[in-house]
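Thanks for coming. I will go through one chain, starting with its overall layout and then moving to a few elements in detail.

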Amino acid sequence: MPERFPPSTPETPENETTRWLGEELKHYEEIFSFSDEDLRSKRILEIGAFDRRFAAALVSANVSTEVFSLEPALAVESGAEPKKGYARKDILMRLMDRLPEKIRDEVEKHTIVAEAEAIPVADGIYDLVIGKSVPYSSHKQLAKRIIELLRVGRDVRFYPITSDNRGDYESAIRTIKSTPVIIEYKTTTEDDMPMDGGIVHIKEDVLILRKGS
Ligand SMILES: C[S@@+](CC[C@H](N)C(=O)[O-])C[C@H]1O[C@@H](n2cnc3c(N)ncnc32)[C@H](O)[C@@H]1O
């Protein structure tokens, strides 16, 4: 789950939420290696969008209103136990209550309630598709997801790629025969973190996939 939560007091003023969304946008730009200009006026999809903060941030900053959020956990009945790997619906809705109505309407209008392995949209309709910390339970699921995202988008980005999951992505990509893919890894997060027992070097990459010819 995301480590940073929106301001949580019910009486939070709108401008505090707006400022927080601005920080979230900067964070996404850093970890996915893009600028406002890369995102401007693009048709974008985020999978596993959680509380849809990325879409809210892009709309709030007037960078793009063509930003779609895919989140399967919104299909879970309120109060029901979520499926393994899904977020809790009440947490997903927390940010929505804080958003100015115009932004909330825009984000809700562009929400897709589905899993990333079967997206109910036509081929090639997004300029950019991103997935941040979206869980998978098998190589088969990951390969199916990558094929589906390359079907709907031209530029597909996953973050974070670490020493723990890089092998999974590499072997999932190797199994994809149907689509030639151009593969790029960029390190976007690197730091020395004090942990129990010493300093640990943290390195996280973004994986960028583009359809080859
Ligand atoms: C760990 S959270 C990450 C949320 C957000 N992307 C972030 O990093 O802040 C994983 C999200 O992926 C969603 N999710 C789980 N399985 C999924 C699937 N098969 N397709 C799309 N989203 C999925 C969960 O409901 C949850 O919102």
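What pattern does the chain follow, read along the sequence? It runs α-α-β-α-β-α-α-β-β-α-β-α-β-β. Bear in mind that this is a predicted model. The count is 7 helices and 7 strands. The radius of gyration is 17 Å, close to the 17 Å that the globule rule gives for 213 residues, so the chain is as compact as a globular protein of that length. Along the principal axes, the C-alpha atoms fill a box of roughly 50 × 50 × 40 Å.

Taking contacts with a separation of 6 or more, 69% are between residues 24 or more positions apart. Of the 213 residues in the chain, 31% are buried.

In soluble globular proteins, nonpolar side chains tend to be buried together. Here the largest nonpolar core has 45 residues. Which residues have the most contacts inside that core? They are Leu45, Ala55, Ala56, Leu58 and Val129. Let me take Leu45 as the example. If we set aside its neighbours within four places in sequence, Leu45 contacts Phe68, Leu70, Tyr126, Val129, Val152 and Gly153.

Last, a helix pair. Two packed helices are described by the angle between their axes and the distance between the axes. For H6 (residues 139-152) and H7 (residues 166-174), the axes come within 9 Å and cross at roughly 65°. The crossing is right-handed. On the H6 side, the residues that meet H7 are His139, Leu142, Ala143 and Ile146. Their counterparts in H7 are Asp168, Tyr169, Ser171, Ala172 and Ile173. By class, this contact has 6 nonpolar, 2 polar and 1 charged residues.

That is the end of my part. I will take questions now.

Notes. Residues numbered from 1 in each chain as written. Predicted model: local features only at pLDDT ≥ 70, side-chain atom pairs only at ≥ 80, totals over all residues. Helix = DSSP H or I, 4+ residues; strand = E, 2+ residues; numbered from the N terminus. Rg over C-alpha atoms; globule rule 2.2 N^0.38 Å. Buried ≥ 20, exposed ≤ 12 C-beta atoms within 10 Å, placed from the backbone. Contact = placed C-beta atoms within 7 Å. Core = buried A, V, L, I, M, F, W, Y, C linked by C-beta atoms within 7 Å. Axes fitted to C-alpha atoms, helices over the stretch in contact; angles between N-to-C directions. Left-handed = near helix turned anticlockwise from the far one by under 90°. Nonpolar A, V, L, I, M, F, W, Y, C, P; charged D, E, K, R; others polar.
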